[in-house]
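Hi everyone, thanks for making time for this. I'd like to walk you through one model today, so let me put it up on the screen.

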Amino acid sequence: MSKTSERCRLVLIAPEIADPAQRAKVLADALKGGDVASVIVPQYGLDDGEFQKHAELLVPIIQEAGAAALIDGDSRVAGRAKADGLHISGNAEALREAVEKHTPKLIVGGGNAADRHHALEVGEVRPDYVFFGKTDGDIKPDAHPKNLALAEWWASMIEIPCIVMGGTDPQSALAAAETGAEFVALRLAVFAEPEQAPSVVAAVNALLDEKAPRFED
């Protein structure tokens, strides 16, 4: 087994699949493909009750695979589902409130930082990680150049870990890793063809093992 902690690791954005059982199976299969640091679970337009059931179904699957389960935006759902953390898609103020209320009991990160100024505002809140991009921002094969540039700048000077949203091409994970980011998030790159998800996770890990830069101690 490679020392994945020495290089950029994969974060998955849970797929938007209507059938709960199918959604759970696809995610479970993907997690069997190889190392995944965490899974962010978005609400995807579900009402609060359905989102609660959705989270309670997925959180144990994620945790049994050794990954951290992060619920997007809803601290009550995160608490009831016994998730590991909370992903905040809002601004620095929303993140500040979540950090003050829920750390260190929960992992809290996010921030939706679109430029250096907002990134530094988010950093002042001292979240567990900063997220560059949006969880549904994978609309092109490559990661957004702005997010890559922000991550490279951030990783060179700030100790708080960052996650970069990748593109729809699994190969986009390498460009994210080359910024020095600790994590790359993939959604459609892994789940666009659900039956391929485990092999894509395996291929991305092999790519990062072979070509991602190593972190200095």
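Let's begin at Val-190. Leaving aside residues up to four places away in sequence, Val-190 touches Leu-12, Ala-30, Ala-197, Val-200 and Val-201. Please keep in mind as we go that this is a predicted model.

Now to a pair of helices. Helix 1 covers residues 20-31 and helix 2 covers residues 48-64; they pack at an angle of about 20°, and their axes are 10 Å apart. Because that angle is about 20° and anything under 35 degrees counts as roughly parallel, helix 1 is roughly parallel to helix 2. The crossing of the two is right-handed.

Which residues make that contact? From helix 1 we have Pro-20, Arg-23, Ala-24, Leu-27, Ala-28 and Leu-31, and from helix 2 His-54, Leu-57, Leu-58, Ile-61 and Ile-62.

Thr-4 sits in the segment before strand 1, which is 9-13. Is Thr-4 buried or exposed? Its relative accessible area is 11%, so Thr-4 is buried. Not counting residues up to four places away in sequence, Thr-4 touches Arg-9, Asp-35 and Asp-209. Thr-4 and Val-36 are 32 residues apart in sequence, and their C-alpha atoms are 9.6 Å apart in space.

His-102 belongs to helix 4, residues 92-102. With a relative accessible area of 16%, His-102 is buried as well. Its contacts, again not counting residues up to four places away in sequence, are Ser-75, Leu-86 and Val-108.

Last one: Ala-202, which lies in helix 9, residues 197-211. Here the relative accessibility is 34%, so Ala-202 counts as partly exposed. Ala-202 and Glu-64 are 138 residues apart along the chain, with 18 Å between their C-alpha atoms.

That's my tour, and I'm happy to go back to any part of it.

Technical notes: Residues numbered from 1 in each chain as written. Predicted model: local features only at pLDDT ≥ 70, side-chain atom pairs only at ≥ 80, totals over all residues. Heavy atoms only, no water. Axes fitted to C-alpha atoms, helices over the stretch in contact; angles between N-to-C directions. Helix = DSSP H or I, 4+ residues; strand = E, 2+ residues; numbered from the N terminus. Parallel < 35°, antiparallel > 145°, perpendicular 65-115°, else oblique. Left-handed = near helix turned anticlockwise from the far one by under 90°. Contact = heavy atoms within 4.5 Å. Buried < 20%, exposed > 50% of the residue type's maximum accessible area, 1.4 Å probe, protein only.
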